[in-house]
Structures are given as structure tokens and as C-alpha cells.
Amino acid sequence: MIKIFIVIFLLLPISIEENAFVDESFFKYMTSKTDYNLIANKKNFQDYSISECKTIGFWHLIRYSANYPNFEEISEMNEFLPKLRDTIILLNQSILNESELKFLNKWTPRVSPEMENLLTDYGSETIKSLGLRTWVRLKYLIFNTRISKQVKIRSTNFTRTIESAQKYVEGFFHFWPLKINIESSDIENDYLIKYPDLCEKYLTYINSNQNACSELLYFDFMSSKLRNSKRRFQDRLGVNSFYTNINIAFEMAFKMCQYEYLIDKTISIWCKFFDLETIKLLEYKDDLKNNCKYGYKYEISRLMTCDLVKNLLESLKTFKRSYETNDDTLNKFTAYFTHSSTLMSFLSSMGIGKSEDNFDYENILSENINREFKTSSINPTSSNIGFLLFKCDENSKKPNYLLRVFHNERLVKIDGCQSTDCNLNEFLNYLTFFTSTCKSTKESCKI
Ligand SMILES: *[C@@H]1O[C@H](CO)[C@@H](O)[C@H](O)[C@H]1NC(C)=O
Ligand SMILES: *[C@@H]1O[C@H](CO)[C@@H](O)[C@H](O)[C@H]1NC(C)=O
Ligand SMILES: *[C@@H]1O[C@H](CO)[C@@H](O)[C@H](O)[C@H]1NC(C)=O
């Protein structure tokens, strides 16, 4: 009886609260605020096993999950948006129909500044289920009492990354409650997984150099398009610049639209003031920036991943040694929890999203280009890349040691591999070549 009650209780609010103010496809273009669940290939279990091979090691690099905005952002939105709401209702010239207006009238901020940067419940669930799926896929890999020696989990020393690591571990060891130590590092010296914040060469020449990403400055076509977007936004609000600062309104409403979805998949009433063209334009602008900072334009964006690439190289060798020597004290599973800047630059080092020509002068004038580098699919919340090593039967036609790489749970081909079924030796050669061009991250980053 109670069970039935709970089921009904769970179903009811969903059917009542469902409000499709905009199409859900909107949320696939939110760049680094894109919901992982809209992008990832979560149903993929088949590619994680090969009948003639067994899994012998896994290396996983993961960005933290959906989180609340920071203190200033929350305070600004909470102060600005209720006033804008009242003005919209007072002037009564907006695009909203009667029932939408009623909805806006009831709208109040749901996030308080103390929640800054914490994972949302939805974000927690997302990364916990990633952990659980990873366990289901790898359950024969770690099946042994010496488990604590075989598993290494490390996070940058931030609440949102540590929380992400904890949730992932909770999912991974769901059926097997074990205390796993999550290492966290001194962020002042974390050249392994927090290098973009420490790399002086990157910070000086790219991150804080106005001219480094000139593609963002040169093309005033972008600003004229953005101006048009803001005009359309203003028309939809039915509020002009006499009553509000349109630039701030544009920014705040857009953020609220993004965040309400990441809190619990709410399709926010604030999304209604934007059209898809605007969302795609903002995405394109962000892609230009990210491609410049973390893509192929500057060598340092790859060289600063030196220590992490070396770590991958050593881990793959360790997985192999662990199998060959039957030594169950060696590492078989490593997971690192980090930030988008680390993840995106590392993905570039692996050749993911490579688009050397996509952002050239000819193409740049059209944000509709079919570009490889799309932050929304490369780096949504909880974005991750996993390297799974297999040992195959001697008499199979497969390479002896075979590697598969998964980006957001999708099998991908990366640089250094002929195909998605990658011969480990070939890939190790590639990594060795890569690391021969750099001594260490610290060294590469010296000015
Ligand atoms: C108002 O818009 C909503 C979508 O946001 C729609 O479902 C509803 O039918 C509209 N109501 C009227 C009266 O047009
Ligand atoms: C708002 O405008 C609509 C027509 O555009 C009108 O039907 C409605 O009564 C107005 N509401 C208020 C509160 O003035
Ligand atoms: C992590 O940060 C906390 C407080 O921010 C600090 O007390 C702790 O020493 C840090 N841990 C490491 C390993 O640096």
C-alpha cells in the first residue's frame, strides 16, 4: 500500500509540473553547461567487452558534474531577475501567453548564495550513475581482496571535484561497500591535473593576452549578430532599455535558463526569451574561444598536458605488467577528477575535436559550419575520457594488447591509433614520441 502511494507520489508532480516553454533540444547547445545526459552514450555496454579478450586496466579522466553558479553570480541573479520579472508583468508587452505569464508571476529564485559551486542533486545523480555504469562494464577487472592497492582515485582540492569523486565512488562500489581513499592534491603544485592554473606560459601568452584569440576581436560580424540577438530578446521581453539594462538582463536570463535545467531538468521560463539562433550563436562564440585556448592554435596548450600524458603512458605499462606478473598489488584502475580546462587540453593532445581548418577565415563567417570542435559535445558537465586495456587470446586475430578509448562513453579513434581497436604498442610509441617533446609540465610552462 505504502509502495503504491510512493509510486503515485513520484509520478504526480512530474505530470503536473511539466512545462515545455522551449524544446528540450535547446539544452544541447549550452557549451560547458550542457547536461551530460543529453550527450553521453549511456546505453553503450557492448563496446566495453570483446569476446576473445579480457579487460586488464582502466584509466579515467573526468570533469566535475553539474554545479551551482558561484557566489557573485547567484547574488546578481537573485537581485536582478525578480525586478525584471515584475517589470515584464507590469508592462505586459512580452511574448508570454497568459498561462506563461502566470508562471512567471510565481517564479522566485531557488538558489541561495551559500550553495555556490556545490553539485546540484541532478549533478550528483549523474556522476553517481556514471560510476555505477563503469562498474557494470568493468566488474571483472577489480575482483579481489587487495582492492585498495589496485584502485587510485584522485581529485583536485575543490569541493565540487571532491564531491564528484565521492559520488562516482558511491556508484562504482554500490554493490560492494568499501572505503576507498580519495586523494586530493595541493592545488598550488598540482601540475598533474590542475596545470592550466599554474602554467605561466599559458597564463601569460594566451589566457590573459587580449590578442591571443584575435578571432574573437576581429570579426565584428559577431557583434552585429549578437546585437540582433539582443534586439530579438528585448522584443520578447517587452521591456526596453529605459526600464532595464538589456545587456545584464540578457546575461542573467540566459544563466538562469542554463542553471535551472542543471538543477533538476526544469525548462525555465527564462529560456522563453531566447531563440535557438541566439543559443547557437553563443555556443559558436564559446567554441571559438575554447578552440583557441585549448585546441591546436598554440603549442603550449598541448605541452602543458605533459605530466598527465606521461601518467597515462606509465599507467598503461603498469596495467600490462600487472597482468604479466600476476602482481595484484599493482594499479588496475585510476580515476582523476578535474576541471574543464584540464580535460579540454588533454582531449586536444589525444586529437579529439581537432579542427585545424574549421575556424579559418572562410569558415569563421558562418557559425553553422559543421565543426569538429564543439564544446557542447566535447566538454559537457561530467565529460570524461576512459582508456580501457584488453589482453586478447594468443590465437585470436586481435593484437596481443588492445586498447579502446571512450569519450563520453562513445568509442572513439584517437591520434596514435589506426582504428578504434588500437594496438597498444602503436599507441605507446605515439605517447613516447609525445613525451619526448616535453620534459615535464613545469618545465614546458617556464617563460
Ligand atoms: C501558452 O504557451 C504554452 C507553452 O509554453 C502552451 O502549452 C499553451 O498552450 C499556451 N497557451 C495558450 C492559451 O496559447
Ligand atoms: C495584458 O495584455 C493582454 C493583451 O495583450 C490583455 O488581454 C490582458 O488583459 C493584459 N493584462 C493585464 C494585467 O493588463
Ligand atoms: C585542501 O584544501 C583545504 C582547505 O581549502 C586545506 O585545508 C587542505 O590542506 C588542502 N589539502 C591539500 C592536500 O592541499
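Author: What follows is an account of the core, of the helix that contributes to it, and of some parts elsewhere in the chain.

The protein has an average pLDDT of 90, and 90% of the residues score at least 70. Confidence is highest in strand 6 (residues 401-407), at a mean of 98, and lowest in helix 1 (residues 2-17), at a mean of 40. Where pLDDT is low, the predicted coordinates should not be read in detail.

The largest nonpolar core has 61 residues, and those touching the most other members are Tyr-168, Phe-387, Leu-389 and Leu-403. To this core helix 13 gives the most, namely six residues. In soluble globular proteins, nonpolar side chains tend to be buried together.

An α-helix has 3.6 residues a turn, so residues three or four places apart point the same way. Just after helix 13 comes Asn-326, with a positive phi of about 60°.

Tyr-168 belongs to helix 6 (residues 159-172). This residue counts as buried because 30 other C-beta atoms lie within 10 Å, where the cut-off is 20 or more. Apart from neighbours within four places in sequence, Tyr-168 is in contact with Ile-62, Ile-127, Lys-128, Leu-130, Gly-131 and Ala-335. Tyr-168 and Ala-335 are 167 residues apart along the chain, yet their C-alpha atoms are separated by 9.6 Å.

Residues in loops can be buried as well. Ser-382 is in the loop between helix 16 (375-378) and strand 5 (384-392). Although Ser-382 is not a glycine, its phi is positive, about 60°. Ser-382 is buried, since 26 other C-beta atoms lie within 10 Å. Glu-409, in the loop between strand 6 and strand 7 (410-412), also has a positive phi, near 70°, without being a glycine. With 22 other C-beta atoms within 10 Å, Glu-409 is buried too.

Val-239 is a further loop residue, placed between helix 9 (220-237) and helix 10 (246-264). It is buried, with 21 other C-beta atoms within 10 Å. Setting aside neighbours within four places in sequence, its contacts are Thr-87, Ile-88, Leu-91 and Thr-244. Val-239 and Ile-193 are 46 residues apart in sequence, and their C-alpha atoms are 45 Å apart in space.

The surroundings of two ligands complete the account. Around ligand 1 are Phe-21, Asn-97, Glu-98, Ser-99 and Glu-100, that is, one nonpolar, two polar and two charged residues. Around ligand 3 are Asn-157, Ser-184, Ser-185 and Asp-186, a shell with three polar residues, one charged residue and no nonpolar residue.

Technical notes: Residues are numbered from 1 along each chain as its sequence is written. Chains are lettered from A and ligands numbered from 1 in the order in which they are written. This is a predicted model: local features need pLDDT of at least 70, side-chain atom pairs count only at pLDDT 80 or more; totals for chains, interfaces and linings use all residues. A residue is near a molecule or strand if its C-beta atom, placed from the backbone, lies within 6 Å of it. Ala, Val, Leu, Ile, Met, Phe, Trp, Tyr, Cys and Pro count as nonpolar, Asp, Glu, Lys and Arg as charged, and the others, Gly among them, as polar. Helices (H or I, at least four residues) and strands (E, at least two) are DSSP runs, numbered from the N terminus. A residue is buried if 20 or more other C-beta atoms lie within 10 Å of its own, exposed if 12 or fewer, and partly exposed in between; C-beta atoms are placed from the backbone. Two residues are in contact if their C-beta atoms, placed from the backbone, lie within 7 Å. A nonpolar core is a set of buried Ala, Val, Leu, Ile, Met, Phe, Trp, Tyr and Cys residues joined through C-beta atoms within 7 Å. pLDDT is the predictor's confidence in each residue, from 0 to 100.
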